[in-house]
Amino acid sequence: MRPVEICQDVYWVGAVDWECRNFHGYMTAPTGTTYNAFLIKDEKIALFDSVKAGHGDEMLCRVAHVTPLDKVDYLIVNHVEMDHSGSLPELVARTKPEKILTSPMGERAMRAHFDCADWPIEVVKTGSSLSLGKRTLQFLETRMLHWPDNMATFIPEDGVLISSDAFGQNWATSERFVDEVDRSRLQKELDRYFANIVLPFSPIAQKTIETIESMGLDVRFICPDHGLLFRTKDDVAWVVSRYKELAAQKQKKKAVLVYDTMWHSTERMAHAIATGLSEHGVTFKLMNLHVFDHSDVMEEVWDAAAVFVGSPTHNNGMLPKVADMLTYMKGLKPKGKIGGAFGSYGWSGEAVKDITGALEAMGMDLPVDGVRILYVPTHEQLKACVEMGRTIGKAIADKLG
Ligand code: FEO
């Protein structure tokens with residue numbers, strides 16, 4: 001387990017988790033993830049972030065290739081979430097740092113998570129800096145990207161931005177740099193991460209990028225705490241540009257139809273709605289929740305103009321996978337969507353009303369009443385679904401051209 005040099009005396013010393021399959025609800029199958037940590041060897045030695053509990057040995061082994069553990073002077077805790085601080089107690093015990101630097105909210109989170117009364121915690125804020133000798137650490141709080149404690153650190157002498165969760169990807173790889181992997185696959189993992197983690201904080205992502213640009217920082221490397229690292233100015237420009245697009249949630253003429261189905265009636269309704277959408281040139285994704293998980297769906301929702309959700313009525317409500325989907329989607333706060341509800345029923349038929357309420361609670365515009373069909377849709381009854389797709393397809397075409 002070797003460290004990887006990013007630029008002179010700046011090393012990746014993190015851990016790769018090939019087996020992670022569920023990251024607080026974000027489904028990371030089959031990609032796994034990485035927990036990145038970074039070491040800077042200067043007159044003082046600084047170690048940034050740590051890794052999830054259970055992966056501490058892997059990180060410490062890499063650190064030990066660069067420096068004896070007790071020579072680490074400073075620990076920088078950019079984020080206290082457990083994927084980056086689970087091994088912190090072990091790290092503190094092994095390195096006995098002179099200082100542990102974190103944001104004001106980081107200190108609060110650290111004291112709530114750890115028995116750390118005797119840790120040498122020092123609070124830093126936006127504008128604070130610390131000299132390592134030849135290099136300087138400049139701190140920038142990035143609150144709510146993705147917790148209140150998040151902070152980024154910039155090293156101007158090397159142009160390195162250690163960005164914490166921002167610009168990450170949940171992707172376990174043997175490669176460490178984005179120029180070593182397929183770009184379309186990288187974009188997929190970057191987008192999926194954004195859609196499943198950063199989406200509700202899109203305005204904060206936009207503001208953070210504006211702040212960094214207004215500061216005129218010469219960023220030559222972006223080192224996120226998950227996934228692959230950006231080490232050329234072209235790649236830095238590429239990911240900043242992509243993040244601007246993601247944070248703007250710029251919509252395409254596209255709809256997502258997500259549903260569960262008991263005996264294929266609701267599925268037929270989904271196909272009929274799609275037929276209506278296609279008449280107005282709207283592309284669509286049909287996503288049966290027995291085939292796609294809620295993270296797959298969000299990967300498609302972020303740039304869709306419309307979201308249709310369907311479920312048959314089961315025990316006076318919607319099927320459980322649909323309830324899960326709606327709960328997950330609501331938390332990620334997609335903006336500016338048109339919504340549609342549909343589903344079959346046998347007797348009571350509450351599912352469509354409940355889905356309608358959930359979509360309205362997300363602030364979606366529902367120009368068409370939800371469509372319910374008794375038991376098995378006839379060809380005639382499916383015309384109501386086609387019409388729903390047609391009406392919403394036209395609304396999308398009118399909106400996006
Ligand atoms: Fe990668 Fe918010 O933790």
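**Figure 1. The second largest pocket and its residues.** Ser-184, Gln-187, Lys-188, Asp-191, Arg-242, Lys-252, Lys-254, Lys-285, Glu-299, Glu-300, Trp-302 and Asp-303 make up the lining of the second largest pocket. Keep in mind for this and every other view that the model is predicted. The space in this pocket comes to about 160 Å³. Sort the lining by class and you get nine charged residues, two polar ones and one nonpolar one.

**Figure 2. Where the lining of the second largest pocket comes from.** Helix 5 and helix 9 (294-301) each put at least two residues into this lining. Helix 5 gives the most, with four residues. Zoom out to the domains, and domain 1 (4-247) and domain 2 (255-395) each provide at least three of the lining residues.

Figure 3. Now for a look at Arg-192, which sits in helix 5 (residues 183-198). Is Arg-192 buried or exposed? Its relative accessibility is 4%, and buried means under 20%, so Arg-192 counts as buried. Its side chain makes a polar contact with the side chain of Asp-296, at 2.9 Å. Setting aside neighbours within four places in sequence, the residues in contact with Arg-192 are Tyr-26, Met-27, Asp-293, Ser-295, Asp-296 and Glu-299. Glu-299 turns up in the lining of the second largest pocket too.

Figure 4. About 280 Å³ of space lies in the largest pocket. Its lining runs to 16 residues, and Met-262, Thr-313, Tyr-345, Gly-346 and Tyr-375 are the ones that lie nearest the centre. By class, this lining has nine polar and seven nonpolar residues, and no charged ones. Compare that with the second largest pocket, where the lining has nine charged residues.

**Figure 5. The largest cavity.** On to the cavities: a search of the whole structure turns up two of 30 Å³ or more. The largest has a volume of about 90 Å³. It is lined by 13 residues, and the ones nearest its centre are Leu-145, Ala-166, Phe-167, Thr-208 and Ile-212. Which elements each supply at least two residues of the lining? Strand 15 (160-164) and helix 6 (202-214) do. Helix 6 has the largest share, at four residues. The lining splits into 10 nonpolar residues and three polar ones, with no charged residues.

**Figure 6. The second largest cavity.** This cavity has a volume of about 40 Å³. Around it you'll find Leu-47, Asp-49, Ser-50, Leu-75, Ile-76, Val-77, His-79, His-84, Ser-85, Leu-88 and Leu-91. Class by class, the lining has six nonpolar residues, four polar ones and one charged one.

Definitions and conventions:
Residues numbered from 1 in each chain as written. Predicted model: local features only at pLDDT ≥ 70, side-chain atom pairs only at ≥ 80, totals over all residues. Heavy atoms only, no water. Buried < 20%, exposed > 50% of the residue type's maximum accessible area, 1.4 Å probe, protein only. Polar contact = N/O pair within 3.5 Å; in protein donor to acceptor, adjacent residues only side chain to side chain. Contact = heavy atoms within 4.5 Å. 1 Å grid on protein atoms, 1.4 Å probe; cavity = no way out; pocket = protein on both sides within 12 Å on 5 of 7 lines; lining within 4 Å. Points joined across faces, edges and corners; volume = space filled by probe spheres on them. Nonpolar A, V, L, I, M, F, W, Y, C, P; charged D, E, K, R; others polar. Domains from an automatic or database assignment.
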